[in-house]
Amino acid sequence: MRNCVLKEFKSYNDSRGSLVPIEGGKENKDIPFDIKRIYYIYNVPSDLERGFHSHLDLDQVLIAISGKVKIRCKDNKSEEIYHLDSPNKGLYIGSMIWREMFDFEDNAVLLVLASNYYDKEDYIMDYNNFLELSDKYFKNKDEINKYLTSNNLKLNFVDIPDAEFLHSLRSDKKLTQFISQTNGDVESQKKWITEYKIREYQNKELYFKITDHDNNELGFVRLYNIDHLNKKATFGSLIMVDGKPKLAAVEVLVMVMNIAFKYLKLDKVELDVRVENLRAKKLYNKFGFEKTREDELDEFYELTSEKFDDLYENGYSEYVRSLKYGK
Ligand code: T46
């Protein structure tokens, strides 16, 4: 369900017992936000339910560090029940999700890690008010859908079932000649995607599987380090199957830049490319990216929203509209 992710923390188990460490603060840590507050709930009668509210703007991770608890989460359209039945499971709940906690076991202790201090004003307590506000919130998010389809291609938010395809491309020596190859297995890709989903819901990163209109899988592309304050992001991780349609990379670039500049309203997109990756450099140059600096390994490029508008209005849209594969 959107804005909710059930994740597993690593547990160190030996003959002395188990230990689960939790670090917060940044990408690839256990908790993808600065933990400003913790609280815990216990001694809850088993026939009692708590919660019944949503937050306007708050990230939390809920962990049943003792006993079991169930959490019912609702957005404007659907609901899902998550079972917190182990101290190494954490339920991320983002903004605009109605939550109800129930079926507390006698010994249950529900620990909550929160991204902000207690603020009464951040609570939505009335369910009808919640439905109205969450409708608006998710409609805004859904605005992205109109940028996910173009002439020949579709962008699909990456999800767990894509782990195998992602793993197969990222462990292909030829395809990963100029990007980092993965060392892990399909399971570790699944774990990575679980963590990614939280960043997607936080609007920090967008990772897409590229398909054609017949749902043939063609590759992946990513917009990351999305910095809403400084209005910039990084384009990268573009990987496509051998034998991909000609000019597919250009079409993907147009789609992702539309997302960056028209949907996210960023001012600038940056990318880095290996010095020896001549084909990619030619593509980015042709697309209008300008080189800002280089080091021994990489060249760094950027495209501003003005430059994109200019290119897009004066040719690229026509160019992409006219793209027909096989000709
Ligand atoms: C949530 C779910 C999972 C504070 O003074 N400071 C705090 O940080 C919190 C969380 C609560 N309070 C006070 C406010 C109330 O007078 O503690 C009392 C009980 O809080 P509440 O009725 O909101 O508890 P729950 O179990 O319904 O909800 C809590 C959190 O408030 C909420 O943010 O997501 O747990």
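**Close-up 1. Contact between helix 2 and helix 3 in the predicted model.** Ala163, Glu164, Leu166 and His167 of helix 2 meet Val186, Gln189, Lys190 and Ile193 of helix 3 (contact: heavy atoms within 4.5 Å). Helices are DSSP runs of H or I with at least four residues, strands are E runs of at least two, and both are numbered from the N terminus. The axes of helix 2 (residues 163-170) and helix 3 (residues 186-201) come within 9 Å and cross at roughly 115° (lines fitted to C-alpha atoms over the stretch in contact, with angles from 0 to 180 degrees between N-to-C directions). Helix 2 is therefore roughly perpendicular to helix 3 (65 to 115 degrees; under 35 is roughly parallel, over 145 roughly antiparallel, the rest oblique).

**Close-up 2. Packing of helix 4 against helix 5.** Helix 4 (residues 248-263) and helix 5 (residues 278-287) have axes 11 Å apart, at an angle of about 50°. The two helices are therefore oblique to each other. Ala249, Val250, Leu253, Val254 and Met257 of helix 4 make the contact with Leu283, Tyr284 and Phe287 of helix 5.

**Close-up 3. Tyrosine 40 in strand 4.** Strand 4 spans residues 37-42 and holds Tyrosine 40.

**Notes.** The model is predicted: local features need pLDDT of at least 70 and side-chain atom pairs pLDDT 80 or more, while totals for chains, interfaces and linings use all residues. Residues are numbered from 1 along each chain as its sequence is written, and side-chain values use heavy atoms, leaving out hydrogens and water.
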